[in-house]
Structure formats: C-alpha cells, structure tokens
Amino acid sequence: MKRANRKGPKAEVAAEPPAASAPASSSVTVNHASRTAVPSSGGAANLLPTGAAAPQIESLPLFRDVPIPERQALFLRKLQICTVVFDFSDTLRSAREKEVKRQTLSELVDFVQSGSGRLAEPVQEQLIRTVAINIFRCLPPASHENTGSEAADPEEEDPYLDPAWPHLQLVYELLLRFVISSDTDTKVAKRYIDHTFVLRILDLFDSEDPREREYLKTILHRIYGKFMIHRPFIRKAINNIFYRFIFETQRHSGIGELLEILGSIINGFALPMKEEHKLFLVRALIPLHKPKLVGMYHQQLSYCIVQFVEKDYKLADTVVRGLLKYWPVINCQKEVLFLGELEEVLEVTQPVEFQRCMVPLFKQIARCLSSSHFQVWSSVHLLFFLVAC
C-alpha cells in the first residue's frame, strides 16, 4: 500500500554498518513504477493490521541462563517471535512489544557474532525466513509519485529515513553476521540464500533510506565473495537493473552502491578479460553516462571505467569513444564531470591506444575550448595540458 506521506520522522544517521540481505524461500514481484510489492505469505501473516490488538511477545530467558545444549533451541524460539512485524507510524503503539523484539534481535546478533557453534539446518532456514519477513516489504513511493509532479533532483531532497530502522538495522546486522560467520556452511546456506533471495535483495537497493542501502551493499558484496555459485547470476541481475534504469525509468536510488560493489568485482577480474566483462563495459557501464542524474553516481562510475582500462589498456579507445558518444551538449556541470573522467582515463592510456582515438578527442576538446562556462574552460585547459605532455 502506498503511504500518503513519504517522509518519515527525521533521525540521526547512524554509523554506516554493513549491508543486509534476504531469503530465498518465497517469491516477490516488484513493480518499479509504483514501488509496490506483493509480500510473501509468511510476511503478510505476521504484519499487524491497522487497529489489531498488539500481540503478546514472550520474553524468553537469556542465552547465558540456559545450558549450552539447549541454546540452539532457544535461538530458534527467539527467531520465531521476531517474525512479528510492527507498524512504526505510531511510535506509542505496542511500545513494550517493540522493545522486547529489539532486545531479542540484539541477543540473536550477539549469539551469531560470538561464534557459539554451527547452526543446525532448521535454525538456518528459520533465520533466513525471519530476515525475509522483516526486510522484504513494500517500499514507500517516491515523493513525486504521491503528488504526480515531475521528479525533483534527488540531490536537493532530504533523505527518507525509515521509522522502522531500530528493528531493520538489527535484522540486517543478523543477516550480515550469519553470512560472514566462519561457522556458516555455504553448502547448506545456499539452499536458502538462493537466486530468488538475491533478486529480492537487489530490489531493496531502490530504498531511499541511505542507511539501508549501505547494509545492502555490504551484505551483497559478502554474498558475492562467499557464494561463488551466485557470482554470474549477481552480475547479470545488476546488468538488468542498469538496463532498466538507463532505457526505462532513469530513476533508482541504489545505482551508486551497486557501482561500488562492481568496482571491487572488476578489480578482481582475471586476465585475459572475458568477453562477457567487455560486453558489460560497452552495454551497461558506458551507457550509464547518458541519464541526467549521472552526477549522483559519477564518482563510482568513473572508478569502474578506469579499472577496466587499467586491467586491459586496449579498452582505452572503446572508453574514450564511448564518452564522446554521450558527451553532454548543453549541461555544463555534466560536461565538467566528463572532462574529469576523461583526464583519469588518459592518464592510464598507452600511446598506441591514444593515437587511435585522438582525432575525435581533439575535435571535442576544440569545442570545449570555445565554451563560455568558466569551469568547462578551466577543466579543458588542464586536459589539453595533459594531452600535450
């Protein structure tokens, strides 16, 4: 359901912890135009309807107060009571129950982080299910979707802070600790952290809460590193998000975070570079210069582009010609970004590759030299000095 008011109460942005992910047990369909989703049956059953009586959440003993052989059973029970999802639009409603759940989630995080032993498979399954019920939800609509007005510049908008973050943060932390734990057996965990789970995690990158995107970024990166079987699928799924953003919506909150993950992935590409990776550069990364909002993620995009050229110097001509193809005509601020990126690319370009693209490059430099915008004029003179040297 869309909320009438997008903005939640302001809060301090906590130190950015690692990102989180979601389970693979149930499917969800996301409509990116409306930002609504069909919740899983498990999640819907545990979401408190408006006006419903607050549930009585059982206060369970602390882990240190029970014998070691009984702790996994207690862990399972604590997971089960955390499947109740509360409405945070009313801060006073179910205040005691919310605090009990928060404390329980904190205990679960501490238990996994302490390395108290490998979790049994039923416990792992319930952990992923609990995470899924809590984090897979309908994202609130963007502010321009409520009013029907044209989308404002995201740089000028106040960040949306989800009022349910006191619980969401702990759920993400629990998932993160589970993924990075040395006690987590990937052969078992991959049954629940599967392709469906990964897709639903990727859908959450469109969240406008920057704290949530930071957790998602860290968790997806950890999943990519630990679950090698998912690597090709993750790369392809990110590709599809970029295609949709470039050619359809031109609106997505998490492009910068996805590019940060890719920057690390590209750095680990083996040589000689696979054709698949070169196609990704040509079909996804270079066209990402096209959208008007490229300034929101240009720093991360430029890093990825330079990584490709450093890995394979023969790609310099492809990159330079790609930048020239999407060169802005009337947007001076965007032109300054392009000039800065071009400078970084040329610094790692070999003379042979430079000669292949220097004619169209100098034609563009000549056009920039006639610009009346002082930042463009200044940037292009620096670039011209670099090329001349």
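Okay, let's start with Phe75. If we skip its neighbours within four places in sequence, Phe75 touches Phe63, Leu108, Phe111, Val112, Leu119, Val123 and Leu127. That residue is also one of those with the most contacts inside the largest nonpolar core, alongside Phe242, Leu259, Leu285 and Leu288. The core itself has 105 residues, and helix H6, residues 165-180, gives the most to it, with ten. As a general point, nonpolar side chains in soluble globular proteins tend to be buried together.

Now, a caution: this is a predicted model. Mean pLDDT for the protein chain is 84, with 79% of residues at 70 or more. Over residues 1-34, though, the pLDDT is below 50, and that stretch still has 112 contacts in the model beyond near neighbours in sequence. Residues 36-45 stay under 50 too, and there the model has 18 contacts beyond four places in sequence.

On to the overall picture. We have 17 helices and two strands in the protein chain. The chain has 389 residues, and 49% of them count as buried. Looking at contacts with a separation of 6 or more, 78% are between residues 24 or more positions apart.

Let me zoom in on helix H10, residues 231-249.

Which residues of H10 are buried? That would be Ile234, Arg235, Ala237, Ile238, Asn239, Ile241, Phe242, Phe245 and Ile246. On spacing, an α-helix has 3.6 residues a turn, so residues three or four places apart point the same way. And what do the buried residues of H10 pack against? They pack against H8, helix H9 (210-226), helix H11 (255-267) and helix H12 (275-285). Just after H10, Gln250 takes a positive phi, about 50 degrees.

Last stop, Lys190. You'll find Lys190 in the loop between helix H7 (186-189) and helix H8 (195-203). Its relative accessibility is 35%, so Lys190 counts as partly exposed. Leaving out neighbours within four places in sequence, Lys190 is in contact with Phe227 and Ile229. And while Lys190 and His230 are 40 residues apart along the chain, their C-alpha atoms are separated by 8.9 Å.

That's my tour, thanks!

How values were computed
Residues are numbered from 1 along each chain as its sequence is written. This is a predicted model: local features need pLDDT of at least 70, side-chain atom pairs count only at pLDDT 80 or more; totals for chains, interfaces and linings use all residues. Side-chain values use heavy atoms; hydrogens and water are left out. A nonpolar core is a set of buried Ala, Val, Leu, Ile, Met, Phe, Trp, Tyr and Cys residues joined through side-chain atoms within 4.5 Å. Buried means under 20% relative accessible area, exposed over 50%, partly exposed in between (1.4 Å probe, protein chains only). Helices (H or I, at least four residues) and strands (E, at least two) are DSSP runs, numbered from the N terminus. Contact means heavy atoms within 4.5 Å. pLDDT is the predictor's confidence in each residue, from 0 to 100.
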